[in-house]
Amino acid sequence: MTQVASRGASRRKRHDRIRLTMAGSAERPRLAVFRSLNHIYAQVIDDASGTTLVSASTLEKDLRGGKSTKSEEAAVIGRLIAERSKAAGIERVVFDRAGFRYHGRIKSLADAAREAGLEF
């Protein structure tokens, strides 16, 4: 009898496979996105030094309690992460979707970040 992995385990496996070939550097850091059931988180990470340069999430005080859809909140986070990245001097990133499919909230965040001037 075969064992069926959970959805979370399957996503983690996909993410590990993606990370074998993807890494952020000082000149082009990694934009990592994590999507939970209710929230979305984004970080710009320099993997060479192992530091988070910029972050944004729907858990921040000024973004909590909004009456918008999850996709609209993801778009706000995308614009916010692009704005903070540009303020930190980051123009280009590598997009890490962390094993999630590129649709819905992940796509909404990526499109908003591109529109706000982040290049990936």
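Let me begin with a convention: helices (H or I, at least four residues) and strands (E, at least two) are DSSP runs, numbered from the N terminus. What we have here is a predicted model, in which local features need pLDDT of at least 70 and side-chain atom pairs count only at pLDDT 80 or more, while totals for chains, interfaces and linings use all residues. Residues are numbered from 1 along each chain as its sequence is written, and side-chain values use heavy atoms, with hydrogens and water left out.

By that convention the protein has three helices and four strands, and from the N terminus the order of elements is α-β-β-β-α-β-α. The radius of gyration, taken over C-alpha atoms, is 15 Å, close to the 14 Å that the globule rule (2.2 Å times the number of residues to the power 0.38) gives for 120 residues, so the protein is as compact as a globular protein of that length.

Turning to the strands, which count as paired if DSSP finds at least two bridges between them, E1 (residues 30-35) runs antiparallel to E2 (residues 40-46), joined by six bridges, and the two form a hairpin with four residues between them. Within this pairing, Val-33 has Ala-42 of E2 as its bridge partner. E1 also pairs with E4 (residues 94-96), here in the parallel sense and over three bridges, with Arg-30 partnered by Val-94.

Now to Arg-11, which lies in helix H1 (residues 7-19). Is this residue buried or exposed? Arg-11 is buried (under 20% relative accessible area, with a 1.4 Å probe and protein chains only; exposed is over 50%, partly exposed in between). Beyond its neighbours within four places in sequence, Arg-11 is in contact (heavy atoms within 4.5 Å) with Phe-34, Ala-98, Gly-99 and Phe-100.

Asp-96 itself belongs to a salt-bridge network with Arg-19, Arg-30 and Asp-47. Across the whole structure, nine salt bridges are found. One of them joins Glu-60 to Arg-84, with the closest N and O atoms 3.0 Å apart. Glu-60 lies in the loop between strand E3 (51-57) and helix H2 (70-87) and Arg-84 in helix H2, so the pair ties together parts that are 24 residues apart in sequence.

Conventions. Lys, Arg positive; Asp, Glu negative; His and termini not counted. Salt bridge = Lys/Arg side-chain N within 4 Å of Asp/Glu carboxyl O.
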